[in-house]
Amino acid sequence: MWPLLFVAVTAKLFAIGDLHGDAHNALRCLQLCNLTDAEWRWTGGEATLVQMGDVVDRGPDSIQLLHLLMRLRAQAAAAGGQVVQLLGNHEVMAFKGRVVYTHKKELGHCGGGRNRTALFAPDGPFAYLRQLDSVAVLDHTAFVHAGLTLSLLRSSLPQLNAQVRLHIQHSRWRHPLLTDNGVHWSRELISGALKGGKCGLVRAVLDRLNQQSNTTVLRIVVGHTIQPAITLLCNDTLIAIDVAISSYMTMGSDNIGAVVFENGRVRVLGIVNRTAAVAAPKRKVAFQTPPELRPTSVMQLLLPLPLGVIFVIFALNLKRRVRLRA
């Protein structure tokens, strides 16, 4: 038996990636899909929206975004549509009380890390996040925040989702399902596809999914691993849609995007990348001073410094010259 979310979607099905606390760019994504108006009111009718997890952290709007998504979910349901939120690794970190990636403004609004963590507790206003699925299958497409592996699929998807919920309920944060090799963190599936187009694991995972079900799963959609554009890999059987929507990410930009599934076809809204797929850089991009602010002479460099510092610099430079002449 598949999750309740396994349905043949008759209207359009949209998917958007990690939002990471940026309400402005999140709204731009939703309007790109014609799913909301400028006031965050659902305009998508019977359409389905899948949000891939990692709504929280990085930017200052995490709490606002969660409230807005809750409202959209109710409005969509009333119109015959649905909003499906998946669980991401940053939501799991919020359950654990990790605030290292939480924006300072958000911590300030919450009154500190302890109060922010309380919002995600079993009795907090965002306790519903603990019940979200980690994997969902809609319209012959599997959606997962980070990735799937054959070891994760030793259990059926309903069992996998139930096990994740159980370990969260009992705060078993070191269980393999909630660590680096779990569905919220693992990059094994996409790494091979990005490195020379190695698609063996993608095919094997799809085969396992199809063996477990009485329907056909044609493709897998993942977030988590940042791409320069929505990237279709392995003959479009693996689609990476985390394009760093949040401007608060190191790679963040205005590069918003979404994927649309309709009548068995896949369509990309925004920039599509079929060939130049690259993994996210592991180091931060260095800040570069704008040309108009760059000093054009030694004196411009020294003017902002105290006279004492300037004297020491000249003294050291003079001493160095004397040594070189000697």
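In which sense do strand E2 and E3 pair, and over how many bridges? Strand E2 (residues 48-51) and E3 pair in the parallel sense, over four bridges, where two strands count as paired if DSSP finds at least two bridges between them. The views below come from a predicted model, in which local features need pLDDT of at least 70, side-chain atom pairs count only at pLDDT 80 or more, and totals for chains, interfaces and linings use all residues. Residues are numbered from 1 along each chain as its sequence is written, and side-chain values use heavy atoms, with hydrogens and water left out.

**View 1. An open sheet of five strands, with mixed pairing, has the order E3-E2-E1-E9-E10.** Strands (E, at least two residues) and helices (H or I, at least four) are DSSP runs numbered from the N terminus. Strand E3 (82-85) and strand E10 (265-270) are the edge strands, each pairing on one side only, and the twist averages 20° from one strand to the next.

**View 2. Helix H1 (residues 23-32) lies across strand E1 (13-16), E2, E9 and E10.** The helix runs at about 30° to E9, with axes taken as lines fitted to C-alpha atoms, for helices over the stretch in contact, and angles running from 0 to 180 degrees between N-to-C directions. The buried residues of H1 are Ala23, Asn25, Ala26, Leu27, Cys29 and Leu30; buried means under 20% relative accessible area, exposed over 50%, and partly exposed in between (1.4 Å probe, protein chains only). Among the elements that cover these residues are E1, E2, helix H2 (62-78) and E9.

**View 3. E4 and E5 form a hairpin with two residues between them.** Four bridges join E4 to E5, and the two strands run antiparallel. From strand E4 (residues 135-138), Val135 and Val137 point one way and Ala136 and Leu138 the other way, and all are buried. Ala136 stands opposite Phe143 in E5, while Asp139 in the turn has a positive phi of about 50°.

**View 4. The structure holds two aromatic pairs.** Rings of Phe, Tyr and Trp (its six-membered ring) pair if their centres lie within 6.5 Å, and planes under 30 degrees apart count as stacked, over 60 as edge-to-face and the rest as tilted. The rings of Phe120 and Phe126 have their centres 5.5 Å apart and their planes at 40°, so this pair is tilted. Phe120 is buried, at a relative accessible area of 0%, and Phe126 is likewise buried at 0%. The rings of Phe143 and Phe261, with centres 5.8 Å apart and planes at 85°, are edge-to-face. Because Phe143 lies in strand E5 (residues 141-144) and Phe261 in strand E9 (residues 257-262), the pair ties together parts that are 118 residues apart in sequence.

**View 5. Pro176 is placed in the loop between helix H6 (157-169) and helix H7 (188-194).** At 51% relative accessibility, Pro176 counts as exposed. Leaving aside neighbours within four places in sequence, Pro176 is in contact (heavy atoms within 4.5 Å) with Asn181 and Gly182.
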